[in-house]
Amino acid sequence: MHPALNEDVDTGSLTSRVFHRIEKDIVDGTYRPGENLTESKLCESLGVSRTPVREALFQLEQEGLVRITHNKGAVVVGVSEKDIDDIYTIRMQIEGLASKWAAERITAEEKKRLEEIVELEAFYAARGNVEQSRNLDHSFHDGLYAASGSNPLRNTLRTFHNYIGRARENSFKTGDRAVVAAAEHRAILDAITAGDGELAERLTREHIVNAKANLFRFIRENRQE
């Protein structure tokens, strides 16, 4: 059971916390597609009243993560393969722009932080530490978004990463993706450091295309088992 959420806050804030908790459980696979999410069980699990749960489920329906029906209540839809494909396609465009802007706007402190991340990522990838490599991959992309200097872009890409978190985790378990991703990050950062926005954008798009191909290779192989 989840630790109870504190209901001694304003309704809007509590609804947001309930929403993000349920959203996380859907995208990380705790709640599976087709599973019924009843208000009473969610209230008991989260330790809150029906109002924030009902409002959170309505928001999740707007996001396409659940479907609310008269007879079954909220049914988990989850993130489909088509959703993942769309997200990677959109990321290719937006994240390429993030790298281009980072080449123009990155600060010395941000550059130093990304350099540390890339060095550690190469270190752990070479030693086969998938968990650390995955964590550092997340840190690299988050640092890249910050270096773009655009909050709207950063927030959009963070949402996408949340939605495909489990998929990206699986991708790192396939082949030598951790090693390849570390090398690709190094090339992207070198282009950013050199102030070459066009190259950084192109390398980032190629990086995402490769990550997408690796992920769907994992999905195909897993489906055959």
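**Note on charged and aromatic side chains**

1. Arg105 lies over the face of Trp101, at 4.4 Å from the ring centre.

2. A word on confidence. The model is predicted. The average pLDDT of the protein is 87, and 92% of the residues score at least 70. Residues 7–11 have a pLDDT below 50, and this stretch has 9 contacts in the model beyond near neighbours in sequence.

3. Aromatic rings come next. A pair of aromatic rings is described by the distance of the centres and the angle of the planes. The count here is 1 aromatic pair. Its members are Phe123 and Tyr124, with ring centres 5.1 Å apart; the planes stand at 85°, so the pair is edge-to-face, the cut-off for that class being over 60 degrees. Are these two residues buried, exposed or partly exposed? Phe123 has a relative accessibility of 39% and counts as partly exposed. Tyr124, at 24%, also counts as partly exposed.

4. Side chains of opposite charge can pair when their charged atoms come close. In this model the count is 14 salt bridges. One of them joins Glu198 to Lys100, with the closest N and O atoms 3.3 Å apart. Which parts of the chain does this pair tie together? Glu198 belongs to helix H10 (residues 197–224) and Lys100 to helix H4 (residues 81–105), so the bridge ties together parts that are 98 residues apart in sequence. Glu198 counts as exposed, at 52% relative accessibility, whereas Lys100 is partly exposed, at 24%.

5. Arg158 and Asp142 also form a salt bridge, and here the closest N and O atoms are 2.8 Å apart. Arg158 sits in helix H7 (residues 151–163) and Asp142 in helix H6 (residues 130–147); the two are 16 residues apart, and the pair links distant parts of the chain. The relative accessible area of Arg158 is 34%, which means that Arg158 is partly exposed.

6. Another salt bridge lies within one helix. The side chains of Glu201 and Arg205 meet at 3.4 Å, N to O. How far apart are these residues along helix H10? They are 4 residues apart, so about one helical turn separates them. Glu201 has a relative accessible area of 14% and is therefore buried, the cut-off being under 20%. Arg205, at 30% relative accessibility, counts as partly exposed.

7. Glu39, Arg50 and Arg54 are linked in a network of salt bridges.

8. The last point concerns helix H9, which covers residues 177–193. After H9 comes Gly195, with a positive phi near 75°.

Definitions and conventions:
Residues numbered from 1 in each chain as written. Predicted model: local features only at pLDDT ≥ 70, side-chain atom pairs only at ≥ 80, totals over all residues. Heavy atoms only, no water. pLDDT = per-residue confidence, 0-100. Contact = heavy atoms within 4.5 Å. Phe/Tyr/Trp six-rings, centres within 6.5 Å; stacked < 30°, edge-to-face > 60°. Buried < 20%, exposed > 50% of the residue type's maximum accessible area, 1.4 Å probe, protein only. Lys NZ or Arg CZ within 6 Å of the ring centre and 35° of its normal. Salt bridge = Lys/Arg side-chain N within 4 Å of Asp/Glu carboxyl O. Expected span 1.5 Å × (residues − 1).
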